[in-house]
Amino acid sequence: MPGTGNKFEEWERIVNAIKSCRKCRLAENRRNAVPGEGNLDAAVLFLGEAPGRMEDLEGRPFVGAAGRLLNRLLEGIGLRREDVFITNVVKCRPPNNRDPKEDEIEACRPFTEAIIRLVSPRIIVTLGNHAGKFLIEGYGGGRWRGITAEHGRIRKVRVKGIDVIVVPTYHPAAALYNPKLLPTIENDFKIVKSVLEKEKGSRGEQGLLKWLRGGSLERK
Ligand code: SF4
């Protein structure tokens, strides 16, 4: 567990458990489970919905067109992909990229919780309706009224003893289908940036960068 052993070893245990998991029907058609990837000490964790075709082929999250857009959005607020951690509420691809079902999200919840607990981010950016509902309603953030009403609204939740600020936004894939959404998502990312800057507090510019990139500075 975090703080009581080697974080990387714990991550390996989680990855192996996900790869051998058959707790829901999504195990039947997957080529590769997609546990997630990134900085295990990241201050910001991105929680998406489900792996797509490219992610299923490569076993990595956000590697297709939506992933390229996510990378651009990160760069837009001064973050690199390796600064953050990225995972999904279900770790295996739903057939034909359909939405994940409630029971599948529920079956995968222990892995999602284990990842959040391991990384212990200060901020979680939820990408899409399912991820936002999962985190806000499941962990004391209040009622979820749908992504259109909730995007960009900051909430606080507590996940397995970890206090987290949540910034919900649309899934980047939504902007690929509807480019008019892109400025809205960019604006939500600016909110993420402003929350980070607020968190900076007494850390100063260098301290913030060190904190963002998994440095040893203590978090508030
Ligand atoms: S989606 Fe999650 S619960 Fe379902 S088989 Fe994959 S790892 Fe297991």
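The crossing of helices α1 and α4 is left-handed, a term applied if the near helix is turned anticlockwise from the far one by less than a right angle, with clockwise being right-handed. The model is predicted: local features need pLDDT of at least 70, side-chain atom pairs count only at pLDDT 80 or more, and totals for chains, interfaces and linings use all residues. Residues are numbered from 1 along each chain as its sequence is written. Helices (H or I, at least four residues) and strands (E, at least two) are DSSP runs, numbered from the N terminus.

Helix α1 (residues 7–19) packs against α4 at an angle of about 165 degrees, with the axes 11 Å apart. Axes are lines fitted to C-alpha atoms, for helices over the stretch in contact, and angles run from 0 to 180 degrees between N-to-C directions. The two helices α1 and α4 are therefore roughly antiparallel, the term for angles over 145 degrees. On α1 the contact (C-beta atoms, placed from the backbone, within 7 Å) involves K7, E10, W11, I14 and I18, and on α4 F111, A114, I115 and L118. By class, seven of these residues are nonpolar, none polar and two charged; Ala, Val, Leu, Ile, Met, Phe, Trp, Tyr, Cys and Pro count as nonpolar, Asp, Glu, Lys and Arg as charged, and the others, Gly among them, as polar.

Helix α4 (residues 102–119) also gives the most to the shell around the ligand, with four residues. In total, 15 residues surround the ligand, and C21, C24, A27, C92 and C108 are the closest; a residue is near if its C-beta atom, placed from the backbone, lies within 6 Å. The shell comprises eleven nonpolar, no polar and four charged residues.

Six strands form an open sheet of mixed pairing in the order β1-β3-β2-β4-β6-β5, where pairing requires at least two DSSP bridges between two strands. At the edges, β1 (37–38) and β5 (155–159) each pair on one side only. Strands β2 (residues 44–48) and β3 (residues 85–88) are parallel and share four bridges, and L45 stands opposite F85 in β3. Strands β5 and β6 run antiparallel and are joined by five bridges, with D163 in β6 as the bridge partner of R158. Their hairpin has two residues between the strands, and K160 takes a positive phi near 50 degrees there. Helix α5 (residues 129–138) lies across β2, β4 (123–127), β5 and β6 (162–169), at about 140 degrees to β4.

Methods
Angles under 35 degrees count as roughly parallel, over 145 as roughly antiparallel, 65 to 115 as roughly perpendicular and the rest as oblique. Two residues are in contact if their C-beta atoms, placed from the backbone, lie within 7 Å.
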